[in-house]
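Me: I would like a careful look at the aromatic side chains of the model below, and at the charged contacts that go with them. Please give the cut-offs as you go.
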Amino acid sequence: MAYRPSKKFKNTLLGSGAVLVLAALNAPAAVSFAEEKYHAYKIAQPGYQRVYGSWAPVHVPDRLGVNAIHAALLHTGKVLLIAGSGNSQKNFDAGTFETVLWDPVRNTFKKIPTPEDFFCAGHTQLPDGRLLVAGGTARYEILNGEVKKAGGGMRVKNESPDKAVTLKKGTVFRSPSGVEYVSKFDVTVPKAKREFEISYFKSGQMKPWKTKVTAAEARVFVEARKEGPQALTTEAAQYEVVGLKGDAADNVYGLAQKLTTEKQDFQGIKSAYEFDPKAEKYIPVAPMKDARWYPTLVGLQDGRVLAVSGLNDVGDVVPGDNEIYDPETKKWSKGPFRYFPTYPSLFLTKGGKLLYTGSNAGYGPAEKGRAPGLWDLEKNTFTKLGGLSDPDQLETSASLILPPAQQQKVMVLGGGGVGESSKSTARTSIIDVSKDSPVFTDGPALPQGTRYLSSVLLPDDTVFTTGGSEDYRGRSGSDILKAQFYDPRTNAFAEAAAPTVGRNYHSEALLLPDGRVATFGSDPLFDDKDNTKLGTFEQRIEVFTPPYLHKAGNGRPVLGEGSQELDQNGRATFKTKDAGRIAKARLMRPSAVTHTTDVEQRSIELGLTRGQDGMTVTVDVPQDRTLVPPGWYMLFVTDAEGIPSEAKWIQVGD
């Protein structure tokens with residue numbers, strides 16, 4: 001749609017002598033100024049906004065800005081922005097960990113005491129509305145060329161079946177040649193396992209019992225006391241624990257093979273917490289067995305949570321030891337074994353299988369664990385899925401279940417090459433997992449190759465995508481100031497109003513209960529096209545108002561009083577004067593997003609019945625918990641034009 005400035009606007013714009021003179025001289029600055037003024041005028045027009053939507057900045061008070069690494073919408077309507085140390089070694093060393101709670105209705109910000117470094121943790125919504133946060137940072141990476149002292153993983157053995165042993169941070173391990181290494185963290189090694197072997201003579205008489213002891217083991221990262229080549233080793237050896245005496249010295253020792261000055265990756269923590277939205281504080285729960293940095297947490301149909309992948313306490317990708325959290329007991333148990341690269345996108349599908357789209361956020365070898373597939377947790381089988389274009393460019397891609405979730409169609413958007421690759425793809429691909437033999441098929445292309453794309457489900461059954469960059473972490477000024485709508489019904493993109501703030505690595509976007517979309521974060525390598533000025537973390541918040549809200553000149557459908565819980569038939573009734581206007585109802589799960597990974601959001605189509613008096617509507621929620629996992633949801637109703645109500649919160653399941 002074309003727009004022309006009014007006569008009054010033209011007179012104002014062209015009435016400036018300076019502009020006329022510069023324009024006569026063909027000055028680029030004048031042309032740019034005029035174009036910017038006209039662009040600002042155009043995007044502010046109601047007609048434009050009804051088609052493309054609009055963007056607006058959010059005022060963030062001084063000293064309350066935060067490096068938003070994680071963003072989660074709580075059932076109070078507030079947004080939890082978690083930074084931890086915020087990708088700042090300085091903050092990490094100082095023990096400065098941050099979380100900010102933003103109320104988008106009142107536009108207030110509140111700092112939340114943050115007990116540990118949740119930088120690059122995993123998180124997911126729990127059935128009671130709390131947010132589970134697990135993992136985070138134990139140690140920042142040290143790059144190649146900057147490692148001064150040899151270091152690596154030390155396996156600590158305990159052969160005593162009588163008691164566990166705890167070695168404090170700073171424990172010294174001595175090699176057979178006398179080189180000493182210092183542990184960087186506390187480590188507790190369980191007691192050894194004692195087994196009794198029973199055997200029999202040929203006569204059938206039982207032989208005396210034999211005792212078999214299997215040593216217990218734990219890992220800890222160690223670093224040489226001194227710089228120098230004498231501490232480098234790639235050969236397996238046993239290390240004594242300095243200071244232990246008697247039996248303890250015999251029972252407890254270290255084993256290490258590779259201690260080098262190669263790059264040392266980030267290391268994870270085992271800690272887990274629940275964030276209570278009502279008390280607005282973190283509450284500790286049992287730690288995980290494995291430390292995890294960059295893990296994915298995905299909710300299951302029974303309300304439990306599966307924790308997958310991440311870098312462990314020595315900086316290696318967890319080799320496949322996954323864990324399940326029970327929100328009733330607040331404890332973890334062993335999950336099905338399977339390897340994935342870090343932050344894998346895993347979606348609960350009808351029937352209970354998890355779909356792995358191949359989307360991930362990085363760490364791990366290029367040739368391992370990157371193929372998409374369906375994972376049967378009960379049988380622990382994995383069926384690979386074919387048809388995906390550019391399968392080598394799934395890192396930093398976005399994935400989501402298309403609306404409505406009943407159709408079981410999942411979309412992959414964009415992505416790039418493994419690691420710091422400059423490769424990126426405009427590919428989108430869609431798979432229908434309701435079919436007997438599902439395969440990916442190409443969807444419409446994005447405007448250009450895009451990494452870190454934010455993709456958000458809207459209550460009118462479209463998908464809003466925004467931001468990202470063409471190169472790794474926005475390198476060479478490659479942030480993409482574009483946005484678009486994807487319509488699953490037409491399988492096509494349509495242009496949306498362009499954001500003004502670039503978003504790449506460590507950026508997020510999520511749907512708010514009022515139907516708008518909030519965007520946060522961005523962590524570029526550089527702030528210029530020439531890659532000479534080091535990047536600064538983006539703390540501005542920008543909110544997108546979709547076209548459907550600009551079309552609501554006669555108001556929005558309104559849901560009145562109603563229950564926040566479903567009855568035994570999965571129904572809830574609400575008073576409304578707009579019963580005749582309401583055409584559809586959707587139940588939308590709130591986001592918990594980080595590193596372009598959001599396995600929470602889904603939009604479920606609901607049955608809709610209007611009361612005989614025309615003053616109520618009843619929604620009918622599917623009772624299949626593999627389709628509608630237990631938890632709090634936003635209920636939106638829309639009219640025939642797709643104009644949504646403000647959301648009502650409903651709790652599904654126990």
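Which residues do ring pairs link into a cluster?

Reply: The model is predicted, so local features are taken only at pLDDT of at least 70 and side-chain atom pairs only at pLDDT 80 or more, while totals for chains, interfaces and linings use all residues. Residues are numbered from 1 along each chain as its sequence is written, and side-chain values use heavy atoms, with hydrogens and water left out.

The cluster that ring pairs link consists of Phe92, Phe119, Tyr140, Phe266, Trp293, Tyr294, Tyr343 and Tyr363. Rings of Phe, Tyr and Trp (its six-membered ring) pair if their centres lie within 6.5 Å, and planes under 30 degrees apart count as stacked, over 60 as edge-to-face and the rest as tilted. By this rule there are 30 aromatic pairs. One of them joins Phe118 and Tyr282, whose ring centres are 4.9 Å apart and whose planes stand at 50°, so the pair is tilted. Phe118 lies in the loop between S5 and strand S6 (122-125), and Tyr282 in strand S21, so that 164 residues separate the two and the pair links distant parts of the chain; strands here are DSSP runs (E, at least two residues), numbered from the N terminus. Phe118 is buried at 0% relative accessibility, and Tyr282 is buried with a relative accessible area of 9%, where buried means under 20% relative accessible area, exposed over 50% and partly exposed in between (1.4 Å probe, protein chains only).

A further tilted pair is that of Phe464 and Phe485, with 5.7 Å centre to centre and 45° between the planes. Phe464 belongs to strand S35 (residues 463-466) and Phe485 to strand S36 (residues 483-487), 21 residues apart. Both count as buried, Phe464 at 0% relative accessibility and Phe485 with a relative accessible area of 11%.

Aromatic rings also meet charge in this model: the charged end of Lys368 sits over the ring of Tyr339, 4.2 Å from its centre, the rule being that NZ of Lys or CZ of Arg is within 6 Å of the ring centre and within 35 degrees of the ring normal.

Turning to contacts between charges, a search of the whole structure finds 37 salt bridges, each being a side-chain nitrogen of Lys or Arg within 4 Å of a carboxyl oxygen of Asp or Glu. In one of them the side chains of Glu280 and Lys110 meet at 2.7 Å, N to O. Glu280 lies in the loop between strand S20 (272-276) and strand S21 (281-285), whereas Lys110 is in strand S5 (residues 108-113), 170 residues apart. Glu280 is buried, with a relative accessible area of 14%, while Lys110, at 40% relative accessibility, counts as partly exposed.

The side chains of Arg370 and Glu395 also meet in a salt bridge, at 3.1 Å, N to O. Arg370 is in the loop between strand S27 (354-356) and strand S28 (373-376), and Glu395 in the loop between strand S29 (381-384) and strand S30 (398-401), 25 residues apart. Arg370 counts as buried at 10% relative accessibility, and Glu395 is buried with a relative accessible area of 5%. Finally, salt bridges link Asp128, Arg130, Glu274, Asp276 and Lys330 in a network.

Note on methods: Helix = DSSP H or I, 4+ residues; strand = E, 2+ residues; numbered from the N terminus.
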